[in-house]
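Hi,

Here is the structure I promised to pass on.

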Amino acid sequence: MTSLVRILLASSGEGAHRIERTVHRAAEAFGRRTSLVLVPDGAVVTVGAGRDRVTTVTVRAVPEVFRLDQVVALKPLLADVCAGRLPVARARERLRDIEEQPAPYPWWWKLTGIVLFALGFAPLMQPTWYEIGSTAVLAVLAAALAVAADRSPRLALLLPLVAATTVSVVTLEVFARDGAHGGPVLLMLPALFFFVPGDYRAPRRPNWAPGS
(Lines give C-alpha, C1' and ligand atoms only; values in the text may rest on other atoms or scores of the structure.)
Protein backbone atom coordinates (compact mmCIF):
# COMPACT_ATOMS: atom_id res chain seq x y z
CA MET A 1 0.00 0.00 0.00
CA THR A 2 2.84 2.42 0.75
CA SER A 3 4.38 1.88 -2.70
CA LEU A 4 1.01 2.30 -4.36
CA VAL A 5 0.21 5.50 -2.47
CA ARG A 6 3.66 6.90 -3.25
CA ILE A 7 3.41 6.35 -6.99
CA LEU A 8 -0.19 7.64 -7.07
CA LEU A 9 0.89 10.81 -5.25
CA ALA A 10 3.85 11.32 -7.56
CA SER A 11 1.60 11.01 -10.61
CA SER A 12 -1.20 13.22 -9.24
CA GLY A 13 -0.03 16.49 -10.79
CA GLU A 14 -3.54 17.17 -12.09
CA GLY A 15 -5.33 16.32 -8.85
CA ALA A 16 -5.27 13.80 -6.01
CA HIS A 17 -9.04 13.30 -5.76
CA ARG A 18 -8.91 9.70 -7.07
CA ILE A 19 -6.13 8.42 -4.82
CA GLU A 20 -8.28 7.52 -1.82
CA ARG A 21 -10.85 5.63 -3.89
CA THR A 22 -8.15 3.71 -5.80
CA VAL A 23 -6.30 2.73 -2.61
CA HIS A 24 -9.54 1.62 -0.93
CA ARG A 25 -10.44 -0.60 -3.88
CA ALA A 26 -6.95 -2.12 -4.02
CA ALA A 27 -6.95 -2.82 -0.29
CA GLU A 28 -10.37 -4.46 -0.45
CA ALA A 29 -9.10 -6.76 -3.21
CA PHE A 30 -6.44 -8.01 -0.76
CA GLY A 31 -8.88 -8.32 2.13
CA ARG A 32 -7.69 -5.19 3.90
CA ARG A 33 -9.25 -1.88 4.90
CA THR A 34 -7.53 1.49 4.63
CA SER A 35 -7.83 5.05 5.83
CA LEU A 36 -5.98 7.95 4.21
CA VAL A 37 -5.23 11.52 5.22
CA LEU A 38 -3.82 13.42 2.22
CA VAL A 39 -1.66 16.55 2.39
CA PRO A 40 0.01 18.42 -0.50
CA ASP A 41 3.28 16.45 -0.30
CA GLY A 42 2.30 13.19 1.34
CA ALA A 43 -0.25 11.00 3.05
CA VAL A 44 -0.85 9.13 6.28
CA VAL A 45 -2.01 5.61 5.44
CA THR A 46 -3.64 3.26 7.93
CA VAL A 47 -4.05 -0.38 6.88
CA GLY A 48 -6.08 -2.79 8.96
CA ALA A 49 -6.35 -6.57 8.66
CA GLY A 50 -8.62 -7.08 11.64
CA ARG A 51 -9.73 -5.48 14.87
CA ASP A 52 -6.28 -5.59 16.46
CA ARG A 53 -3.96 -5.56 13.43
CA VAL A 54 -3.53 -1.98 12.31
CA THR A 55 -0.45 -0.40 10.71
CA THR A 56 0.05 3.30 10.06
CA VAL A 57 2.75 4.69 7.79
CA THR A 58 3.63 8.13 6.48
CA VAL A 59 4.28 8.41 2.76
CA ARG A 60 5.99 11.43 1.23
CA ALA A 61 5.85 12.20 -2.49
CA VAL A 62 5.67 15.44 -4.45
CA PRO A 63 3.23 15.52 -7.40
CA GLU A 64 5.21 15.80 -10.60
CA VAL A 65 4.99 15.38 -14.34
CA PHE A 66 4.97 11.60 -14.56
CA ARG A 67 6.48 9.73 -17.50
CA LEU A 68 3.75 8.64 -19.89
CA ASP A 69 5.19 5.15 -20.31
CA GLN A 70 4.85 4.63 -16.55
CA VAL A 71 1.30 6.00 -16.54
CA VAL A 72 0.37 3.58 -19.34
CA ALA A 73 1.84 0.65 -17.39
CA LEU A 74 0.21 1.69 -14.10
CA LYS A 75 -3.41 1.71 -15.33
CA PRO A 76 -3.67 -2.00 -16.27
CA LEU A 77 -1.88 -2.92 -13.04
CA LEU A 78 -4.49 -1.06 -11.01
CA ALA A 79 -7.27 -2.71 -13.01
CA ASP A 80 -5.83 -6.18 -12.32
CA VAL A 81 -5.35 -5.42 -8.61
CA CYS A 82 -8.84 -4.01 -8.08
CA ALA A 83 -10.36 -6.95 -9.96
CA GLY A 84 -8.58 -9.40 -7.64
CA ARG A 85 -6.51 -10.98 -10.42
CA LEU A 86 -3.10 -10.50 -8.75
CA PRO A 87 -1.64 -11.78 -5.47
CA VAL A 88 0.15 -9.26 -3.26
CA ALA A 89 3.64 -10.47 -4.16
CA ARG A 90 3.03 -10.25 -7.90
CA ALA A 91 1.39 -6.82 -7.60
CA ARG A 92 4.36 -5.54 -5.59
CA GLU A 93 6.77 -6.91 -8.20
CA ARG A 94 4.94 -5.27 -11.10
CA LEU A 95 4.74 -1.96 -9.24
CA ARG A 96 8.47 -2.05 -8.53
CA ASP A 97 9.16 -2.79 -12.20
CA ILE A 98 7.12 0.28 -13.20
CA GLU A 99 9.01 2.53 -10.78
CA GLU A 100 12.42 1.25 -11.88
CA GLN A 101 11.91 0.89 -15.63
CA PRO A 102 14.41 3.00 -17.58
CA ALA A 103 13.42 5.94 -19.72
CA PRO A 104 12.41 4.84 -23.24
CA TYR A 105 14.67 7.43 -24.88
CA PRO A 106 18.43 8.18 -24.90
CA TRP A 107 20.03 11.02 -22.94
CA TRP A 108 20.44 13.26 -25.97
CA TRP A 109 16.68 13.24 -26.55
CA LYS A 110 16.21 14.61 -23.05
CA LEU A 111 18.83 17.29 -23.68
CA THR A 112 17.18 18.25 -26.99
CA GLY A 113 13.72 18.29 -25.41
CA ILE A 114 14.77 20.65 -22.61
CA VAL A 115 16.39 23.02 -25.09
CA LEU A 116 13.33 23.07 -27.35
CA PHE A 117 11.09 23.52 -24.30
CA ALA A 118 13.07 26.62 -23.31
CA LEU A 119 13.17 28.00 -26.85
CA GLY A 120 9.42 27.77 -27.04
CA PHE A 121 9.11 30.16 -24.10
CA ALA A 122 11.83 32.58 -25.19
CA PRO A 123 9.66 34.73 -27.54
CA LEU A 124 7.09 35.10 -24.77
CA MET A 125 9.70 36.84 -22.64
CA GLN A 126 11.08 39.04 -25.41
CA PRO A 127 10.29 38.53 -29.12
CA THR A 128 13.87 39.20 -30.24
CA TRP A 129 16.55 37.09 -31.90
CA TYR A 130 18.91 37.99 -29.06
CA GLU A 131 16.52 36.40 -26.57
CA ILE A 132 16.27 33.26 -28.67
CA GLY A 133 20.04 33.04 -29.18
CA SER A 134 20.90 33.56 -25.53
CA THR A 135 18.21 31.09 -24.50
CA ALA A 136 19.70 28.45 -26.80
CA VAL A 137 23.08 28.73 -25.08
CA LEU A 138 21.68 28.91 -21.54
CA ALA A 139 19.25 26.06 -22.17
CA VAL A 140 22.08 23.81 -23.35
CA LEU A 141 23.88 24.50 -20.06
CA ALA A 142 20.75 23.73 -18.01
CA ALA A 143 19.99 20.62 -20.06
CA ALA A 144 23.55 19.33 -19.72
CA LEU A 145 23.28 19.64 -15.94
CA ALA A 146 19.92 17.85 -15.96
CA VAL A 147 21.37 14.97 -17.98
CA ALA A 148 24.43 14.79 -15.74
CA ALA A 149 22.19 14.67 -12.67
CA ASP A 150 20.65 11.43 -13.96
CA ARG A 151 24.06 9.83 -13.39
CA SER A 152 25.02 11.68 -10.21
CA PRO A 153 22.71 11.36 -7.16
CA ARG A 154 24.55 14.15 -5.33
CA LEU A 155 24.06 16.59 -8.20
CA ALA A 156 20.42 15.50 -8.51
CA LEU A 157 19.69 16.63 -4.96
CA LEU A 158 20.98 20.15 -5.70
CA LEU A 159 20.15 20.34 -9.40
CA PRO A 160 17.65 23.26 -9.34
CA LEU A 161 20.04 25.35 -7.22
CA VAL A 162 23.10 24.47 -9.31
CA ALA A 163 21.29 25.11 -12.59
CA ALA A 164 19.87 28.44 -11.41
CA THR A 165 23.28 29.60 -10.16
CA THR A 166 25.08 28.55 -13.35
CA VAL A 167 22.51 30.14 -15.67
CA SER A 168 22.43 33.34 -13.59
CA VAL A 169 26.22 33.76 -13.55
CA VAL A 170 26.56 33.13 -17.30
CA THR A 171 23.68 35.51 -18.04
CA LEU A 172 25.14 38.32 -15.96
CA GLU A 173 28.69 37.86 -17.23
CA VAL A 174 27.98 37.21 -20.91
CA PHE A 175 24.51 38.21 -22.08
CA ALA A 176 23.31 41.00 -19.76
CA ARG A 177 26.24 43.40 -19.96
CA ASP A 178 24.33 45.60 -22.40
CA GLY A 179 20.94 46.73 -21.07
CA ALA A 180 19.69 47.26 -24.60
CA HIS A 181 18.94 43.54 -24.85
CA GLY A 182 16.63 43.48 -21.85
CA GLY A 183 17.04 42.74 -18.17
CA PRO A 184 18.91 39.66 -16.97
CA VAL A 185 15.78 38.06 -15.52
CA LEU A 186 14.03 38.05 -18.89
CA LEU A 187 17.13 36.55 -20.48
CA MET A 188 17.59 33.74 -17.99
CA LEU A 189 13.99 32.70 -17.28
CA PRO A 190 13.29 30.50 -20.34
CA ALA A 191 16.32 28.30 -19.65
CA LEU A 192 15.05 27.69 -16.11
CA PHE A 193 11.41 26.89 -16.91
CA PHE A 194 12.23 23.18 -16.86
CA PHE A 195 12.88 23.46 -13.12
CA VAL A 196 9.53 25.04 -12.30
CA PRO A 197 7.62 22.80 -9.82
CA GLY A 198 5.38 20.56 -11.87
CA ASP A 199 7.79 20.43 -14.82
CA TYR A 200 10.92 19.20 -13.06
CA ARG A 201 10.93 15.54 -12.06
CA ALA A 202 12.61 15.38 -8.66
CA PRO A 203 14.97 12.52 -7.76
CA ARG A 204 13.57 9.53 -5.90
CA ARG A 205 14.44 9.28 -2.21
CA PRO A 206 13.38 6.95 0.58
CA ASN A 207 10.17 8.65 1.71
CA TRP A 208 8.19 6.58 4.18
CA ALA A 209 8.57 5.81 7.82
CA PRO A 210 6.50 3.59 10.08
CA GLY A 211 4.22 5.28 12.56
CA SER A 212 1.87 4.16 15.27
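Which kind of contact do the side chains of R85 and D80 make? They meet in a salt bridge, with 2.8 Å from N to O. Keep in mind that this is a predicted model, so the distances here are computed from it.

The two partners sit in rather unlike surroundings. R85 is exposed, as its relative accessible area is 53% and the cut-off for exposed is over 50%. D80, on the other hand, counts as buried, because its 17% relative accessibility falls under the 20% limit.

D80 has another partner too: its side chain forms a salt bridge with that of R94, at 3.0 Å from N to O. Where do D80 and R94 lie? D80 is in helix α3 (residues 68-82), while R94 belongs to helix α4 (residues 88-100), so this pair ties together parts that are 14 residues apart in sequence.

Now click over to another pair, R177 and E173. Their side chains also meet in a salt bridge, again with a distance of 3.0 Å from N to O. How open is each one? R177 is exposed, with 64% relative accessible area, whereas E173 is partly exposed at 46%.

How many salt bridges turn up when the whole structure is searched? The search finds 6, and those of R85 with D80, D80 with R94 and R177 with E173 are among them.

Cheers

How values were computed. Residues are numbered from 1 along each chain as its sequence is written. This is a predicted model: local features need pLDDT of at least 70, side-chain atom pairs count only at pLDDT 80 or more; totals for chains, interfaces and linings use all residues. Side-chain values use heavy atoms; hydrogens and water are left out. A salt bridge is a side-chain nitrogen of Lys or Arg within 4 Å of a carboxyl oxygen of Asp or Glu. Buried means under 20% relative accessible area, exposed over 50%, partly exposed in between (1.4 Å probe, protein chains only). Helices (H or I, at least four residues) and strands (E, at least two) are DSSP runs, numbered from the N terminus.
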